[in-house]
Protein chains: 2
Amino acid sequence: MSLLVVGTVAFDDIETPFGKAGKIVGGAATYICYSAAFFSRDIKLVSVIGDDFPMNEIKKLQIKGVNTEGLQIKQGEKSFYWSGCYHADLNSRDTLDTQLNVLATFDPIVPDAYKNSEFVMLGNLTPTLQLRVLDQLNTQPILVVLDTMNFWMSEEFINDLKKVLSRIDVLTINDEEARLLSGQHSLVKAAKIIHTLGPKFIIIKKGEHGALLFHDHQVFFAPALPLEEVFDPTGAGDTFAGGFIGHIAKTRDISFDNMKRAVIIGSAMASFCVEQFGIRCLESLNETQIEARVQQFIDLVQFDIELIA
Amino acid sequence: MSLLVVGTVAFDDIETPFGKAGKIVGGAATYICYSAAFFSRDIKLVSVIGDDFPMNEIKKLQIKGVNTEGLQIKQGEKSFYWSGCYHADLNSRDTLDTQLNVLATFDPIVPDAYKNSEFVMLGNLTPTLQLRVLDQLNTQPILVVLDTMNFWMSEEFINDLKKVLSRIDVLTINDEEARLLSGQHSLVKAAKIIHTLGPKFIIIKKGEHGALLFHDHQVFFAPALPLEEVFDPTGAGDTFAGGFIGHIAKTRDISFDNMKRAVIIGSAMASFCVEQFGIRCLESLNETQIEARVQQFIDLVQFDIELIA
């Protein structure tokens, strides 16, 4: 059940209508690891930070079972920093500042001990770096999941993105990105076109409107939990991905039925993430709370109808 | 299982990115009746038309089992007419023309044979007219469902709307209207506030993002079917309401579990409605198709997770 996670470990500076977080720990790989760690105890991290990153935050990840041999620490350099401000409805945000810092020259080196990982989660990153990671593996993983964003769909990067898409199994993407990548407004049509680019499974995330899982002619829908208050949406997509791949790695079952469960678990994890700033909620979470949340999803969509036909 | 339906029977003139319908039969009560008629054969219509309305369209409703004794035909007057044009994403539309005609002086008279109806569906209409109908009933119905719109939430009408809300059981409303009526962005909070206005059950329709059913602390979510193409959204909300109340009237069961089924059936009916202009798709539909569509909803959301706790 070894799970290789690649992505950013970084600082975020978030402002929402409910307050300012200040400079806090963030990054796609951070959220993925925290979320996946509830399901898998053999997580191998590939990322990069500067010497400004607090060592106790690395220790916290290690205590969660995350191997940090592949986490490069660049002396005399600064960690990736992103600052953003959410609009009143929390559905859109403005980027106030992006400082690439260590990310500008990041070359992801996969340690030997990681090279036979069975499951791979490629967090949002430059497509060429995602490819670099796949190129270093000794064996074909059971499942490779990739997350990406609209930025890599521009003319400059689209060919690199298509190269990595042709080598992965599951793509997680949000609705607007799916439309951009496919040129189709209908998400059903968008998924069909994205299938032809490589991914056998496509998860289209619709934020507060839930997520769709497509595979061949099958489609599964998981709602987002209706919450009284969404406090901070940062990292929700990565937390979803972490729960998804964590469950798959734990169960080693890549059937469509098990992917459905993984989507529900990812959605449950994401519903916790948005309740507080940053990774705070994920840090203090326990398994009983997760089970109770999954039960809420069951209650939310369960119905029984007797069909005559 | 007698079902009283009140609402407009009218002409629509619709333009979507896929074409122009021309002047076709529409109106909230028309969609409600066509949809409910698949489940209930004892439907009593209260509405008004001018003498320009084709008699064969009335016959079609009668053949579906709709009693039209309460359908007033105003000689020398014209039927209600609405013309609208949908934007490219079909989520918004511009009203090009509204001609109230017979609706301007409509006084809904409930025939004696209707006055003990067990189920009542008040389609979108001036709140005072919806109240007028309730005032004429001899017995308290088992369930009263009301649909309304943002127009009746303005200062001029809000007190009338609140009066009728205090006398109904189920409110169907879309997400933006729920936010307007409650002053809350969160739909969970909005439903709580709307509860205090009277309705014990609140259905918040989110168009392509599905529908939420709230009752006390319970919440149920039904997705919209992911379709390759939405052709014409006109009447989808009314078709949903017709399927919902039709199933309730057929089963005479107003438990939360049965309301969940009714929401799924309403969603299935709405998914047919949007596939063609106007009522066309509903006219040619059969029960086997409906059952197959409900099965698609089951497949779309069904999953099984074994919880340890």
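Mentor: We begin with a definition: copies are superposed by least squares on the C-alpha atoms of residues with pLDDT of at least 70 in both. This is a predicted model, in which local features need pLDDT of at least 70, side-chain atom pairs count only at pLDDT 80 or more, and totals for chains, interfaces and linings use all residues. Residues are numbered from 1 along each chain as its sequence is written, while chains are lettered from A and ligands numbered from 1 in the order in which they are written.

Trainee: Which residue of chain A comes closest to the rotation axis?

Mentor: Two copies of a chain are related by a rotation about an axis and a shift along it. Here, chain A is superposed on chain B by a rotation of 180° with 0.0 Å of shift along the axis, at an RMSD of 0.0 Å. That is the relation of a two-fold axis. The residue of chain A closest to the rotation axis is A:His209, whose C-alpha is at 3.0 Å.

Trainee: How many residues of chain A are in contact with chain B?

Mentor: Two residues are in contact if their C-beta atoms, placed from the backbone, lie within 7 Å. By that criterion, 31 residues of chain A are in contact with 31 residues of chain B. Helices and strands are DSSP runs numbered from the N terminus, helices being H or I with at least four residues and strands E with at least two. On the side of chain A that touches chain B, at least two residues each come from helix H6 (187–195), strand S13 (218–222), helix H8 (256–273) and helix H10 (287–301). H10(A) supplies the largest share, seven residues.

Trainee: How should I read burial, and is strand S11 of chain A buried or exposed?

Mentor: A residue is buried if 20 or more other C-beta atoms, placed from the backbone, lie within 10 Å of its own, exposed if 12 or fewer, and partly exposed in between. Strand S11 (residues 201–205) of chain A is largely enclosed by the rest of the structure, because five of its five residues are buried.

Trainee: Which way do the residues of S11(A) point?

Mentor: In a regular strand the side chains alternate between the two faces of the sheet. In S11(A), A:Phe201, A:Ile203 and A:Lys205 point one way, A:Ile202 and A:Ile204 point the other way, and all are buried.

Trainee: Which strands pair with S11(A), and in what sense?

Mentor: Strands of a sheet pair through backbone hydrogen bonds, either parallel or antiparallel. Two strands are counted as paired if DSSP finds at least two bridges between them. Strand S10 (residues 170–174) of chain A runs parallel to S11(A), joined by five bridges, and A:Ile173 stands opposite A:Ile204. Strand S12 (residues 211–215) of chain A pairs with S11(A) in the antiparallel sense, also over five bridges; there, A:Phe214 is the bridge partner of A:Ile202. The hairpin of S11(A) and S12(A) has five residues between the strands, and A:Gly207 in this hairpin takes a positive phi near 60°.

Trainee: Which residues other than glycine have a positive phi?

Mentor: Most residues other than glycine have a negative phi, and most peptide bonds are trans. A:Asn101 is placed in the loop between S7 and strand S8 (119–122) of chain A, and counts as buried because it has 20 C-beta neighbours inside 10 Å. A:Arg252 also has a positive phi, near 50°. The loop between helix H7 (236–251) and H8 of chain A holds A:Arg252, which counts as exposed because it has 12 C-beta neighbours inside 10 Å.

Trainee: What is the order of the strands in the open sheet of chain B?

Mentor: The order is S3-S2-S6-S7, four strands with mixed pairing. Strand S3 (19–26) and strand S7 (93–99) of chain B are the edge strands, each pairing on one side only. Within this sheet, strand S2 (residues 10–16) of chain B pairs with S3(B) in the antiparallel sense over seven bridges, and B:Asp12 stands opposite B:Ile24.

Trainee: How many residues of helix H8 of chain B are buried?

Mentor: In H8(B), 15 of the 18 residues are buried, so the helix is largely enclosed by the rest of the structure.
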